[in-house]
Amino acid sequence: QALNQLQKQLLGIYRKKSDKDVFNSLYLDKDFLGSALAITSDGWLLTPANLIKDANYVVITSNRKVLEPLKEVIDPLTKLALLKINAQDLTPARFADFNSLIAGQPVLAARYSGQNYSLSISRTALEKIAYQEGLSGKDFLLSSEELEHYLKLSRGLEDAFTGAVLFNDRGEVVGLLNGAGKPGGEVYLA
């Protein structure tokens, strides 16, 4: 039940294909840019901005609809992008209360998988809450525009999980994977 719900909340972002040839128009793993999370039923999605930066892309739903983005809104503070697609039947995600997160809490990282239009899932746990990477002495007096708080996971994930969503045991969104493959462990946007 919970996995079926998660599958409806995640969409895939792929490099747009312009070739009309049937074999060249298939969306494959090599075209996958990352995942997006449905946050409203009427087509608003959330994804890391770095996934779509300078990209010509389409969004693919769990029921295999290929949709063009209608609008992009990039938030420079959070480095997240809101995308609008022409959809009226999306299942919006529920978000966990930040104060309910605890170190050691198990979470699932779920990403859209184009291979079978479903999910790829990996289990990990929260290592640190409100984590800040690589602080030096000069970083302790930051303006609110420069503060970044992340969740740190106990186990890193492969690059294919960029844009994946972290879910708790109640199916609530805990965080969004902002980037994979960072040295010293992955850092995830809270």
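## A polar contact in a loop

A polar contact is a pair of N or O atoms within 3.5 Å; within protein, one must be able to donate a hydrogen and the other to accept it, and residues adjacent in sequence count only if both atoms are side-chain atoms. Here the side chains of Thr61 and Asn63 share one, at 2.3 Å. You'll find Thr61 in the loop between β4 (57-60) and β5 (66-67), where strands are DSSP runs of E, at least two residues, numbered from the N terminus.

## About the model

This is a predicted model, where local features need pLDDT of at least 70, side-chain atom pairs count only at pLDDT 80 or more, and totals for chains, interfaces and linings use all residues. Residues are numbered from 1 along each chain as its sequence is written, and side-chain values use heavy atoms, leaving out hydrogens and water.

## Aromatic pairs

Rings of Phe, Tyr and Trp (its six-membered ring) pair if their centres lie within 6.5 Å; planes under 30 degrees apart count as stacked, over 60 as edge-to-face and the rest as tilted. That gives three aromatic pairs. Since Tyr14 is in strand β1 (residues 10-15) and Tyr27 in the loop between β1 and β2 (32-38), the pair ties together parts 13 residues apart in sequence.

Tyr14 also pairs edge-to-face with Phe32, at 5.3 Å centre to centre and 65° between the planes. Ring pairs join Tyr14, Tyr27, Phe32 and Tyr112 into a cluster.

Terms used. Helices (H or I, at least four residues) and strands (E, at least two) are DSSP runs, numbered from the N terminus.
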